[in-house]
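Let's walk through this model together, starting with its strands and then turning to its helices. Please keep the structure open beside you as you read.

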Amino acid sequence: MDITITPNRINQCRKPDFTAQLRGSAIREAIKSAKDSFQLGEVNEIIQNVNLKGDKDTIIDCAYDGIVKVKNSKLGETVYSARLKRNESSNNPYLEFLRAFNSDSNIYKYESSLINRVFNHSKNKQFLYNLLKTYDFSPKTKLLIEYEVSKYPEVNSLKNSGMEFILPDLEQAKQRFLEQFASRF
(Lines give C-alpha, C1' and ligand atoms only; values in the text may rest on other atoms or scores of the structure.)
Protein backbone atom coordinates (compact mmCIF):
# COMPACT_ATOMS: atom_id res chain seq x y z
CA MET A 1 0.00 0.00 0.00
CA ASP A 2 1.48 3.34 -1.05
CA ILE A 3 0.46 6.54 0.67
CA THR A 4 0.43 9.49 -1.68
CA ILE A 5 -1.17 12.79 -0.85
CA THR A 6 -2.55 14.53 -3.90
CA PRO A 7 -3.90 18.07 -3.82
CA ASN A 8 -7.46 19.12 -4.33
CA ARG A 9 -7.56 20.51 -7.83
CA ILE A 10 -9.77 23.47 -8.40
CA ASN A 11 -8.67 23.85 -11.98
CA GLN A 12 -7.36 20.81 -13.87
CA CYS A 13 -5.04 23.02 -15.97
CA ARG A 14 -3.21 24.30 -12.91
CA LYS A 15 0.00 22.66 -11.79
CA PRO A 16 -0.40 20.60 -8.63
CA ASP A 17 0.66 22.22 -5.37
CA PHE A 18 2.59 19.20 -4.13
CA THR A 19 5.96 18.17 -5.39
CA ALA A 20 7.81 15.16 -3.99
CA GLN A 21 5.72 12.10 -3.15
CA LEU A 22 6.50 10.34 0.12
CA ARG A 23 5.61 6.66 0.13
CA GLY A 24 6.60 3.55 1.99
CA SER A 25 6.25 1.01 4.74
CA ALA A 26 7.85 3.30 7.34
CA ILE A 27 4.82 5.58 7.08
CA ARG A 28 2.39 2.67 7.45
CA GLU A 29 4.32 1.38 10.48
CA ALA A 30 4.43 4.86 12.02
CA ILE A 31 0.65 5.10 11.64
CA LYS A 32 0.08 1.61 13.07
CA SER A 33 2.44 2.26 15.98
CA ALA A 34 0.95 5.68 16.84
CA LYS A 35 0.06 5.93 20.54
CA ASP A 36 -2.16 8.99 20.31
CA SER A 37 -3.71 11.47 17.87
CA PHE A 38 -0.72 13.80 18.30
CA GLN A 39 1.58 11.20 16.70
CA LEU A 40 -0.94 10.64 13.87
CA GLY A 41 -1.00 14.39 13.29
CA GLU A 42 2.79 14.47 13.22
CA VAL A 43 2.92 11.74 10.57
CA ASN A 44 0.43 13.73 8.48
CA GLU A 45 2.53 16.88 8.94
CA ILE A 46 5.67 15.06 7.78
CA ILE A 47 3.87 13.79 4.66
CA GLN A 48 2.60 17.29 3.89
CA ASN A 49 6.06 18.81 4.44
CA VAL A 50 7.79 16.38 2.09
CA ASN A 51 5.11 16.96 -0.50
CA LEU A 52 6.17 20.61 -0.66
CA LYS A 53 9.78 19.82 -1.54
CA GLY A 54 11.52 18.72 -4.71
CA ASP A 55 10.15 18.02 -8.16
CA LYS A 56 6.60 16.71 -8.57
CA ASP A 57 7.89 13.51 -10.19
CA THR A 58 10.32 12.75 -7.36
CA ILE A 59 9.24 9.67 -5.42
CA ILE A 60 10.75 9.11 -2.00
CA ASP A 61 10.20 5.61 -0.64
CA CYS A 62 10.91 5.14 3.06
CA ALA A 63 11.06 1.49 4.10
CA TYR A 64 10.54 0.27 7.66
CA ASP A 65 14.13 -1.01 7.79
CA GLY A 66 15.51 2.53 7.33
CA ILE A 67 16.29 2.40 3.61
CA VAL A 68 15.33 5.57 1.74
CA LYS A 69 15.10 5.29 -2.06
CA VAL A 70 14.72 8.35 -4.26
CA LYS A 71 13.84 8.23 -7.96
CA ASN A 72 12.51 10.57 -10.61
CA SER A 73 11.21 9.33 -13.97
CA LYS A 74 12.60 12.44 -15.71
CA LEU A 75 16.09 11.34 -14.66
CA GLY A 76 15.74 7.83 -16.04
CA GLU A 77 15.90 4.57 -14.12
CA THR A 78 18.57 5.69 -11.64
CA VAL A 79 17.67 5.24 -7.97
CA TYR A 80 19.58 6.75 -5.07
CA SER A 81 19.34 4.86 -1.79
CA ALA A 82 20.63 5.54 1.69
CA ARG A 83 20.02 4.17 5.17
CA LEU A 84 18.79 6.11 8.19
CA LYS A 85 19.01 4.72 11.72
CA ARG A 86 15.90 3.99 13.74
CA ASN A 87 15.70 4.59 17.47
CA GLU A 88 14.45 1.16 18.57
CA SER A 89 14.06 2.25 22.20
CA SER A 90 11.41 4.80 21.18
CA ASN A 91 7.73 3.98 21.64
CA ASN A 92 7.29 4.65 17.90
CA PRO A 93 10.68 4.06 16.19
CA TYR A 94 9.18 4.62 12.74
CA LEU A 95 8.00 8.09 13.71
CA GLU A 96 11.50 8.85 15.06
CA PHE A 97 12.91 7.69 11.73
CA LEU A 98 10.54 9.98 9.81
CA ARG A 99 11.39 12.89 12.13
CA ALA A 100 15.08 12.43 11.33
CA PHE A 101 14.24 12.35 7.62
CA ASN A 102 11.90 15.36 7.74
CA SER A 103 14.09 18.37 7.17
CA ASP A 104 14.78 20.61 4.20
CA SER A 105 18.42 19.70 4.21
CA ASN A 106 17.76 15.94 4.18
CA ILE A 107 15.10 16.07 1.48
CA TYR A 108 17.22 18.31 -0.75
CA LYS A 109 20.29 16.21 0.06
CA TYR A 110 18.56 13.09 -1.26
CA GLU A 111 17.34 14.78 -4.43
CA SER A 112 20.77 16.33 -4.98
CA SER A 113 22.42 12.92 -4.47
CA LEU A 114 20.09 11.42 -7.07
CA ILE A 115 21.02 14.13 -9.59
CA ASN A 116 24.71 13.67 -8.78
CA ARG A 117 24.42 9.91 -9.31
CA VAL A 118 22.76 10.48 -12.71
CA PHE A 119 25.59 12.80 -13.81
CA ASN A 120 28.26 10.45 -12.45
CA HIS A 121 26.94 7.57 -14.56
CA SER A 122 26.43 9.64 -17.71
CA LYS A 123 29.02 9.34 -20.47
CA ASN A 124 27.95 12.56 -22.20
CA LYS A 125 27.28 15.02 -19.40
CA GLN A 126 26.77 18.01 -21.71
CA PHE A 127 24.05 16.19 -23.65
CA LEU A 128 22.37 15.12 -20.40
CA TYR A 129 22.46 18.67 -19.08
CA ASN A 130 20.98 20.05 -22.32
CA LEU A 131 18.24 17.40 -22.12
CA LEU A 132 17.43 18.18 -18.47
CA LYS A 133 17.14 21.89 -19.28
CA THR A 134 14.20 21.07 -21.56
CA TYR A 135 12.21 19.40 -18.74
CA ASP A 136 9.77 21.25 -16.51
CA PHE A 137 11.40 20.84 -13.09
CA SER A 138 10.45 22.77 -9.98
CA PRO A 139 12.61 25.88 -9.36
CA LYS A 140 14.39 24.26 -6.39
CA THR A 141 15.21 21.17 -8.42
CA LYS A 142 16.55 23.37 -11.23
CA LEU A 143 18.88 25.01 -8.71
CA LEU A 144 20.02 21.58 -7.51
CA ILE A 145 20.73 20.56 -11.11
CA GLU A 146 22.73 23.75 -11.70
CA TYR A 147 24.67 23.15 -8.50
CA GLU A 148 25.48 19.53 -9.37
CA VAL A 149 26.46 20.49 -12.94
CA SER A 150 28.85 23.12 -11.61
CA LYS A 151 30.99 20.26 -10.24
CA TYR A 152 31.79 19.13 -13.80
CA PRO A 153 34.07 21.54 -15.69
CA GLU A 154 33.39 19.78 -19.00
CA VAL A 155 29.74 20.90 -18.92
CA ASN A 156 29.11 24.37 -20.29
CA SER A 157 26.19 25.31 -18.06
CA LEU A 158 26.43 28.83 -16.70
CA LYS A 159 26.80 30.69 -19.99
CA ASN A 160 23.24 30.13 -21.19
CA SER A 161 21.39 29.24 -18.01
CA GLY A 162 20.73 32.71 -16.65
CA MET A 163 21.99 31.44 -13.29
CA GLU A 164 25.29 33.33 -13.20
CA PHE A 165 24.16 35.39 -10.22
CA ILE A 166 23.67 32.33 -8.03
CA LEU A 167 27.27 31.16 -8.05
CA PRO A 168 29.32 34.35 -7.57
CA ASP A 169 33.05 34.28 -7.25
CA LEU A 170 33.82 33.58 -3.60
CA GLU A 171 36.47 36.27 -3.31
CA GLN A 172 34.17 38.94 -4.75
CA ALA A 173 31.43 37.91 -2.35
CA LYS A 174 33.83 38.11 0.60
CA GLN A 175 34.98 41.58 -0.47
CA ARG A 176 31.40 42.88 -0.83
CA PHE A 177 30.50 41.42 2.55
CA LEU A 178 33.48 43.05 4.25
CA GLU A 179 32.74 46.42 2.62
CA GLN A 180 29.12 46.28 3.71
CA PHE A 181 29.85 45.48 7.34
CA ALA A 182 33.25 47.16 7.76
CA SER A 183 31.87 49.88 10.01
CA ARG A 184 30.33 47.36 12.42
CA PHE A 185 33.47 45.44 13.35
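Strand β3 (residues 67-72) and β4 run antiparallel and are joined by 5 bridges. A word on the ground rules: this is a predicted model, in which local features need pLDDT of at least 70 and side-chain atom pairs count only at pLDDT 80 or more, while totals for chains, interfaces and linings use all residues. Residues are numbered from 1 along each chain as its sequence is written, and side-chain values use heavy atoms, with hydrogens and water left out. Strands (E, at least two residues) and helices (H or I, at least four) are DSSP runs numbered from the N terminus, and two strands pair if DSSP finds at least two bridges between them.

Now look at the faces of β4. In a regular strand the side chains alternate between the two faces of the sheet. Buried means under 20% relative accessible area, exposed over 50%, and partly exposed in between, with a 1.4 Å probe and protein chains only.

Stepping back, the open sheet has 4 strands in the order β1-β2-β3-β4, with mixed pairing. β1 (21-23) and β4 (79-83) stand at the edges with a single partner strand each, so one side of each has no neighbour in the sheet. From one strand to the next, the twist averages 20°.

Next comes helix α1 (residues 25-32), which includes S25. S25 is buried, at a relative accessible area of 14%. Leaving aside residues up to four places away in sequence, S25 touches C62, A63 and Y64; contact means heavy atoms within 4.5 Å.

Finally, follow α1 to its partner. The axes of α1 and helix α2 (residues 37-50) come within 9 Å and cross at roughly 160°; axes are lines fitted to C-alpha atoms, for helices over the stretch in contact, and angles run from 0 to 180 degrees between N-to-C directions. α1 and α2 are therefore roughly antiparallel to each other, a label for angles over 145 degrees. I27, A30 and I31 of α1 make the contact with L40, V43 and I47 of α2.

Key: Parallel < 35°, antiparallel > 145°, perpendicular 65-115°, else oblique.
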